[in-house]
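Student: I would like to learn how to read a pocket and a few helix contacts in a structure. Where do we start?

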Amino acid sequence: MIKSILDNDLYKFTMQMAVLELFPKAEAEYRFTNRGSQRFSEEFVKELRRVIDEEITGLRLTEDEYHWLGKHCSYLKPMYLEYLKNFHFRPEEVKICLTGEKELDIRIKGPWHSTILWEIVIMAAVSELYFTTIETEWNQSTKSPDTSESVLAAYGEKILEIGKALEENGCFFSEFGTRRRRSFEFHDHVMKTLLQIKTLTGTSNVYFAKKYGLKPIGTVGHEWIMGTSALVGLRYANRFAFENWVEVYKGDLGIALTDTFGSEAFFKDMDLKLSKIYDGFRHDSGDPLIFVDRVIEHYRKMGIDPMKKVIVFSDALDAGAAIRLQKYCQGKINCSFGIGTSLTNNYEFFRESPPLNMVIKLHSINGIPVVKLSDSPEKETGERDAIRVANYIVGRKGLDE
């Protein structure tokens, strides 16, 4: 299910290097949340435990992978590559159980620099295991139940159709679908198919970037800003997080994620210096059209030409949404797209077998609860009281609201 230590998203490695450099003693806890209706079983838990203990734990960076990273990811420092060469997953960091409601309870706890790589590989394993051990009749929903080859061929046609639509409308996009993929096999087939699309700019999955000669794409995730809020301060967490990022990467990897504590808190922290240093902003929640107008307003207020910057959209995108956003941005600001689940586990193709709606989020740093507020209320994560205090500190709500 997980073929390599590089079968992970690039931003997990870039954040791991930054954590090692700036916060090497920080202790972290992550927790799994299932936002969907799917439920699990004791057999599922047992098999997931086996995958973690016997398969994922055995992964090591190969000599070939080590040299490839050094050549193609020049922003990763030699000291970090030596660390990664000696890295291995520690299964004792992961606790799994089944609740009385047949929900998964997954908790990951240990040094932040070590636990940071678990999120994507566990989610990919949970997704693939679910569709091989619990919901096993989904081939029938594709009307191609006879062989896996026929399903893959039909799925490739669907992905090619999506890719061609994006290409014809001038949508430059990257593949972001590792965490909720139907399976490694489907993900691999998607990447082979997308090689035909001229507007494909890369993939977040480092393994597939290496395999298919693509650019690995990724910068920073919510957890970098969430963790910073506990270690440095919540009121100006965005500013601290992005100043620290510049300290580590010196201007490389310059796309800033905007919605960790709501985009208004972000814009207050994004001063002239940071607005000039960063190449653009990533949208991951809330109304994208309102966001475009707000970003343009911000840049103009700073005296910056929006056409010299970019917005990366990554919020549950499909081709139709990307095309609409491309048209809305045209002539106003540059844009590109990170498209995930609709490529690796397409909900139109698997009609009666939707992908899992799940996340693994940072829960605490050094025992201090952290939260993600988001621009979409349903995406809030964290303990209730911690969310209440965070909303108050960043100025979104009163303590009693």
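Tutor: We start with residue classes: Ala, Val, Leu, Ile, Met, Phe, Trp, Tyr, Cys and Pro count as nonpolar, Asp, Glu, Lys and Arg as charged, and the others, Gly among them, as polar. Note also that this is a predicted model.

Student: How do the residues of the lining of the second largest pocket divide by class?

Tutor: Its lining has 3 nonpolar, 4 polar and 4 charged residues.

Student: Which residues line the second largest pocket?

Tutor: The lining consists of Arg31, Phe32, Thr33, Lys361, Leu362, His363, Val370, Glu380, Thr381, Gly382 and Glu383. Two strands, β1 (27–34) and β10 (358–365), each supply at least two residues of this lining.

Student: Now the helices. At what angle do α11 and α12 pack?

Tutor: Helix α11 (residues 222–231) packs against helix α12 (residues 237–249) at an angle of about 110°, and their axes are 8 Å apart. Angles of 65 to 115 degrees count as roughly perpendicular, so α11 and α12 are roughly perpendicular to each other. Their crossing is right-handed. On the α11 side the contact is made by Trp224, Ile225, Thr228 and Ser229, and on the α12 side by Ala237, Asn238, Phe240, Ala241, Phe242, Asn244 and Trp245. By class, this contact has 7 nonpolar, 4 polar and no charged residues.

Student: Is α8 oblique or roughly perpendicular to α9?

Tutor: Helix α8 (residues 148–168) and helix α9 (residues 184–194) pack at about 45°, with axes 9 Å apart. That angle makes α8 oblique to α9. The crossing of α8 and α9 is right-handed. From α8, Val151, Leu152, Ala153, Tyr155, Gly156, Ile159 and Leu160 meet Glu185, Phe186, His189, Val190, Thr193 and Leu194 of α9. The contact of α8 with α9 comprises 9 nonpolar, 3 polar and 1 charged residues.

Student: Which residues in α1 and α4 meet?

Tutor: First the geometry: helix α1 (residues 10–22) and helix α4 (residues 78–85) pack at about 110°, with their axes 11 Å apart. This makes α1 roughly perpendicular to α4. Phe13, Gln16, Met17 and Leu20 of α1 meet Tyr80, Tyr83 and Leu84 of α4. Of the residues in the contact of α1 with α4, 6 are nonpolar, 1 is polar and none is charged.

Terms used:
Residues numbered from 1 in each chain as written. Predicted model: local features only at pLDDT ≥ 70, side-chain atom pairs only at ≥ 80, totals over all residues. Heavy atoms only, no water. Axes fitted to C-alpha atoms, helices over the stretch in contact; angles between N-to-C directions. Helix = DSSP H or I, 4+ residues; strand = E, 2+ residues; numbered from the N terminus. Parallel < 35°, antiparallel > 145°, perpendicular 65-115°, else oblique. Left-handed = near helix turned anticlockwise from the far one by under 90°. Contact = heavy atoms within 4.5 Å. 1 Å grid on protein atoms, 1.4 Å probe; cavity = no way out; pocket = protein on both sides within 12 Å on 5 of 7 lines; lining within 4 Å.
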